[in-house]
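Subject: Structure to look through

Dear colleague,

I am passing on the structure we spoke about, together with some notes on what was found in it. Please keep the picture open while you read, so that you can look up each place as it comes.

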Amino acid sequence: MPIDFNLRVIEEFRAHGGRVGGPFEGARLLLLTTTGARSGAPHTTPVAYLPDGGERLLVIASAAGADRHPAWYHNLVANPRVTVEDGVFTYEAEATVLTGEERDRIFARAAEADPGWAEYQAKTDRVIPVVALRESGTAAPPGGSFGEALTRVHDAFRRELAVIRAEVADSGPGIGAQLRINCLTACEGLRFHHTTEDRGMFPHLEHIHPELTPVLDRLREEHERIAALTEELKTLISGDRAVEPSALLSEVDRLTAELERHLDYEEEMLIPILDAPA
């Protein structure tokens, strides 16, 4: 991609917490900073990614089917330590180029979900690399106030569920392996976030603001309802049995509606407290 185009996407990504328009609108996107193989200088590139179950992210060095690997791929081969910005957190990661059966299986999974990957592979004789990014350092918290940070996390869940809903709607007669992983990864992310709130932020707020107890009790109950919905969704897509897209869409819509109500209420009630002067 042209450098000027990349710079505009990077600026928009950072200014809006990972949300961008144009050709990347509605796509999963991260900013990948690599170290130049020759220059040693940092280079940041917007890259589409695939969830892989929560422990790592996957990026594909397609270069739109060009006959040469993209520069960021050469950089991370020379220096596997990279920096990832996901719109909420920034963290160090270790890049691993997948090979053999694992690479082929994951690329096939990606192409099943989005035939564009297969089209890129058909345009070139090179084997398009698949790279796993695994977090290897402490993630820097979102910038801004506590309320802004909370909203960024919430907006990331809103975006991801919207992407999943669109994927389900476009999936055709069956649900592929990558879409199942996308759903499971989102469910695990929600579980982790709500557990962190239940064990950390809520008790802290309750200690400082006892008057918030009824609000926090309601939020905890909503966490339980959302957990039940995610378990139903996980049960539906677990295993190898066929899943009707209409059934999955119904479950995603139920989860999205419940989560939206929860996030809106939490923001309404807690952000004024989180952002109040000390």
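Ser136 is found in the loop between E6 and H5, and since this is a predicted model, what follows describes computed values throughout. At 34% relative accessibility, Ser136 counts as partly exposed, because buried residues would have to fall under 20% and exposed ones over 50%. Along the chain, Ser136 and Glu92 are 44 residues apart, yet their C-alpha atoms are separated by 5.6 Å. Leaving aside neighbours within four places in sequence, Ser136 is in contact with Arg81, Glu92, Ala93 and Glu94, and with one of these, Arg81, the side chain of Ser136 makes a side-chain polar contact of 2.9 Å.

Another loop, the one between E3 and helix H2 (71-78), holds Ala63, and Ala64 lies in the loop between E3 and H2 as well. Phi of Ala63 is near 50°, which is a positive value in a residue other than glycine, while Ala64 has a positive phi of about 55° although it, too, is not a glycine.

Helix H3 covers residues 100-113, and its 14 residues reach 20 Å from the first C-alpha to the last, close to the 20 Å expected at 1.5 Å a residue. Which residues of H3 are buried? They are Arg103, Ile106, Phe107, Arg109, Ala110 and Ala111, and what covers them includes strand E2 (42-51), strand E3 (56-60), helix H4 (116-122), strand E6 (130-135) and helix H6 (177-208).

Helix H5 has 24 residues and reaches 35 Å from its first C-alpha to its last, close to the 34 Å expected at 1.5 Å a residue. The buried residues of H5 include Gly147, Ala149, Leu150, Val153, His154 and Phe157, and the cover over the buried residues of H5 includes E2, H6 and H8.

How are two packed helices described? They are described by the angle between their axes and the distance between the axes. For helix H5 (residues 146-169) and H6, the angle is about 160° and the axes are 10 Å apart. The two helices are therefore roughly antiparallel to each other, because angles over 145 degrees count as such. The crossing of H5 and H6 is left-handed. Among the residues that make this contact are Leu150, Val153, His154 and Phe157 of H5, together with Ala186, Gly189, Leu190 and His193 of H6.

H6 also packs with H8, here at an angle of about 25° and with the axes 13 Å apart. That makes H6 roughly parallel to H8, because angles under 35 degrees are counted that way. The crossing of H6 and H8 is left-handed. In this pairing, residues of H6 including Leu179, Cys183, Leu190 and His194 meet residues of H8 including Leu248, Leu255, Leu259 and His262.

The place of Pro245 is in helix H8, and with a relative accessible area of 13% Pro245 is buried. The C-alpha atoms of Pro245 and Gln178, 67 residues apart along the chain, are separated by 14 Å. Apart from neighbours within four places in sequence, Pro245 is in contact with Val168, Ser171, Gly172, Pro173, Gly174 and Ile175.

Glu251 also has its place in helix H8. Is Glu251 buried or exposed? At 15% relative accessibility, Glu251 counts as buried, because the cut-off for that word is under 20%. If neighbours within four places in sequence are set aside, Glu251 is in contact with Glu232, Leu233 and Leu236.

Finally, Glu258 is found in helix H8, which takes in residues 245-274, and Glu258 is buried, with a relative accessible area of 12%. Not counting residues up to four places away in sequence, Glu258 touches Arg225, Ile226 and Leu229. A polar contact of 3.0 Å joins its side chain to that of Arg261.

Terms used
Residues are numbered from 1 along each chain as its sequence is written. This is a predicted model: local features need pLDDT of at least 70, side-chain atom pairs count only at pLDDT 80 or more; totals for chains, interfaces and linings use all residues. Side-chain values use heavy atoms; hydrogens and water are left out. Helices (H or I, at least four residues) and strands (E, at least two) are DSSP runs, numbered from the N terminus. Buried means under 20% relative accessible area, exposed over 50%, partly exposed in between (1.4 Å probe, protein chains only). A polar contact is a pair of N or O atoms within 3.5 Å; within protein, one must be able to donate a hydrogen and the other to accept it, and residues adjacent in sequence count only if both atoms are side-chain atoms. Contact means heavy atoms within 4.5 Å. The expected span of a helix is 1.5 Å times one less than its number of residues. Axes are lines fitted to C-alpha atoms, for helices over the stretch in contact, and angles run from 0 to 180 degrees between N-to-C directions. Angles under 35 degrees count as roughly parallel, over 145 as roughly antiparallel, 65 to 115 as roughly perpendicular and the rest as oblique. A crossing is left-handed if the near helix is turned anticlockwise from the far one by less than a right angle, and right-handed if clockwise.
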